[in-house]
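Subject: Handing over the two-chain model

Hi,

Here is the structure I promised to pass on to you. Have a look at it first, and then read on for what turned up.

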Amino acid sequence: MKRMVTLALVLLAPSLALGQEEILPSQESLRAGPVGASSRDWTLEFNGGRFRPRIDEEPGLTGSPYNDIFGKKSMWLFEGELDYKLFDLLGPFSLGLAGGYGVVWGRGIASSDGQPAPDTTTLSTVPLRLLAVYRFQWFNEAFGIPLVPFVKAGLAHTIWWITNGTGGVAGFGEGKALGGKWGYQLSGGLAFELNILDREAARDFDQQWGVNSVLLQVQYARLTADNFGGAGIDLSDDAWLFGLAFEF
Amino acid sequence: MNMRSGLLAAIALAVLVPQTASAQTSTITLAFVEGEKTGFNQADCKAKKTKSVRYECNYPGTEFMVFLSSGSCPDEPPDGAVMVRNKVTVGADGVAGVAEIKAEDVNEDCPDDTTSTIRLCAVAGFKSTNVYGGSTTWQVYDRSELTLTYDSEPPSAPKLAETVGGENSIHLTWEGGSDVDQWIACYEKIGEAPSAVEDACGAGRETSALEEDPGRDYRGASDGGGEDDAGVEETGESEDAGVAEDAGETGDAGETADAGGESGSGTLSPAEQLATCALQFRFADGSARKGAITKLVNNQKYGVKLFAMDAAGNLSPPSAALTATPQQVYDFYERYRCQGGAEEGGFGCSAGAGMTLLPLAGLAVLGLLRRRDTRSAE
């Protein structure tokens, strides 16, 4: 696990350093002493998971198109999120922006026999979210328990498109398989602070790059993209997301 | 005495040469001019073609020369060697130029089924004089070499394993040798063009079929990643591209054409057979074993055969021909719409809730930021 922490620190340090004015330890960080005691205004997260949009549950459908084309496959979703702390209330209350990419591949269906054809078809999504995030750090601060429960809620806009066998955006009559759907995200999760596994490496990481702590986290999220119950394709689902968070 | 003088000479070289050359980025470079292939094929040889090679030396104070050698590069050109650049003293600005290497220098007789190589050698060095004995020896300081080939050995004929019709396309799977630079599919229509009109959901969609435009550029779409190569221009109308007509059937996949690639072409060389092929599609990745011919007409039967071409431009005999018929394929969106899906795309301006929530969210953000600023001031 120590190796994992070190690896994570090494891999992600350069990206975290971008945009910082200096890589030397801040005065605040040097004064702070104990690991994680310096200010933590930002949190950067990388999350991933799988979800299966509820396309086949759309009212009026006579079949199950998602299942016909993609079978039991779920979409892969990867996303990044940047949160900015607004105030503390037994933990930071932050405002975050998240963006991701999800995709699933399948085979088209031949008109001649209804069997899978060699042509590929894909469904892709780019979910964008404005989130309110609260991390309850009291357990950690009061008792040193490295667990941080958190909740998120926010507005989502999911851009989606479908490609056909030529790789272009699919169409049907006047309709183009490209659009955006409004929705929301509600999620709750638990983060485990990895600093406890190697405090020395964590201190170095803080002093070198200003990253106070690294957290391994899991969350269960309701991601909706159906124009709040409107007509059309429903890209919503509940999903488990796993990832890493960096506080700095 | 000799050992001592040799040692002195070596020390002198070791000390002096770096001093004269160290101010430069000291290199000897040999490279084919961009776009040149590394070898000559038989046709190049017979046509007495040349290849352009760029040479450069940045060792001021040394003597530099470029020559051809049939074996590994020696320190000095052997007797009778072809001198590409005679020995010259390298000045402060170095020496650079472009040499034209003739095919006949690599293999004079242009034989069949032969592979031979020759090396282009660039050498920089010094004449070292024995301070005691007065003898002079040639000391090489640096060198570079480039291999040129004569290759008249064609790749083996590929084997088309499968042809499957997709939407306006035929997907090919094949087997073939490893010494292939690109694959060339030769295809032609079999029978009349379809008059049927397809339906969006099984009956009635306006056909998306594309008539081949004789002037267009066909581009490879190899699944193996060879999508970056321009297609080939057509080579003229073909009376017989080696695919026997078997009109009337549709929906087949991988049916063997009656005459394969040899119909009426038994006496033609592969290059001549390809030249008579009106419709061609190239797959630029020689390591690919599958790819798709695109922009075809749905429900039109095609015969397809495949050639392999190596880096020297040698063309294999064609594979046996197979037939396939492109067909309508429902992508996910078509499937969804055909099954009653209401989504027509667009970015949800009608989504009143979302458009209302967005400004509200913006106001909330501003309020929270203001609160943070207020608390910070306190």
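Predicted model: local features only at pLDDT ≥ 70, side-chain atom pairs only at ≥ 80, totals over all residues.

How many residue pairs are in polar contact across the interface of chain A and chain B? The rule finds 17 of them, with both residues at pLDDT 80 or more.

**The interface**

Let me stay with the contact between the two chains for a moment. Chain A brings 54 residues to the contact and chain B brings 43 residues. Together the two chains bury about 3800 Å², and 68% of that is on carbon and sulfur atoms. On the chain A side, the residues that lose the most area to chain B are A:L86, A:F172 and A:W182, which together make up 17% of what that side buries.

Besides the 17 residue pairs in polar contact, the count between chain A and chain B is two salt bridges. If you want to see which parts of chain A touch chain B, colour these elements: α3 (65–70), β2 (75–88), β3 (92–110), β4 (116–135), β5 (147–163), β6 (171–172), β7 (175–176) and β8 (178–193). Each of them supplies at least two residues of that side.

**Salt bridges**

Side chains of opposite charge can pair when their charged atoms come close. Over all chains, the structure holds 16 salt bridges. Here are some to click on.

Start with A:R54 and A:D238, whose closest N and O atoms are 3.4 Å apart. With a relative accessible area of 24%, A:R54 is partly exposed.

Which two elements does the pair of B:R335 and A:D68 connect? B:R335 is in helix α5 (residues 332–338) of chain B and A:D68 is in helix α3 of chain A, so the pair joins two chains. The closest N and O atoms of this salt bridge are 3.0 Å apart. Both partners are partly exposed: B:R335 has a relative accessible area of 21%, and A:D68 has one of 29%.

Within chain B, B:E56 and B:R54 form a salt bridge in which the closest N and O atoms are 2.5 Å apart. B:R54 is partly exposed, at a relative accessible area of 36%. Back in chain A, salt bridges link A:E45, A:E81, A:R135 and A:K152 in a network.

**Rings and charges**

A:R135 takes part in that network and also lies over the face of A:F150, at 4.9 Å from the ring centre. Chain B has a charge over a ring as well: B:K87 lies over the face of B:W138, at 4.1 Å from the ring centre.

As for rings with rings, there are 23 aromatic pairs over all chains. One of them is the stacked pair of A:W76 and A:F78, with 6.1 Å centre to centre and 0° between the planes.

**Two backbone details**

A:N227 has a phi of about 55° although it is not a glycine, and A:N227 is found in the loop between β9 (213–223) and β10 of chain A. At 15% relative accessibility, A:N227 counts as buried.

In chain B, phi of B:K295 is near 60°, again a positive value in a residue other than glycine. B:K295 is in the loop between β14 (290–293) and β15 (301–309) of chain B. B:K295 counts as partly exposed, at 43% relative accessibility.

**Chain B as a whole**

Finally, some overall values for chain B. Chain B has six helices and 17 strands. Of its 378 residues, 44% count as buried. Taking the contacts in chain B between residues at least 6 apart in sequence, 74% join residues at least 24 apart.

Happy browsing, and write back whenever you like!

Best wishes

Conventions: Residues numbered from 1 in each chain as written. Chains lettered and ligands numbered in written order. Heavy atoms only, no water. Phe/Tyr/Trp six-rings, centres within 6.5 Å; stacked < 30°, edge-to-face > 60°. Lys NZ or Arg CZ within 6 Å of the ring centre and 35° of its normal. Contact = heavy atoms within 4.5 Å. Buried area = accessible area lost by both parts, 1.4 Å probe. Salt bridge = Lys/Arg side-chain N within 4 Å of Asp/Glu carboxyl O. Polar contact = N/O pair within 3.5 Å; in protein donor to acceptor, adjacent residues only side chain to side chain. Helix = DSSP H or I, 4+ residues; strand = E, 2+ residues; numbered from the N terminus. Buried < 20%, exposed > 50% of the residue type's maximum accessible area, 1.4 Å probe, protein only.
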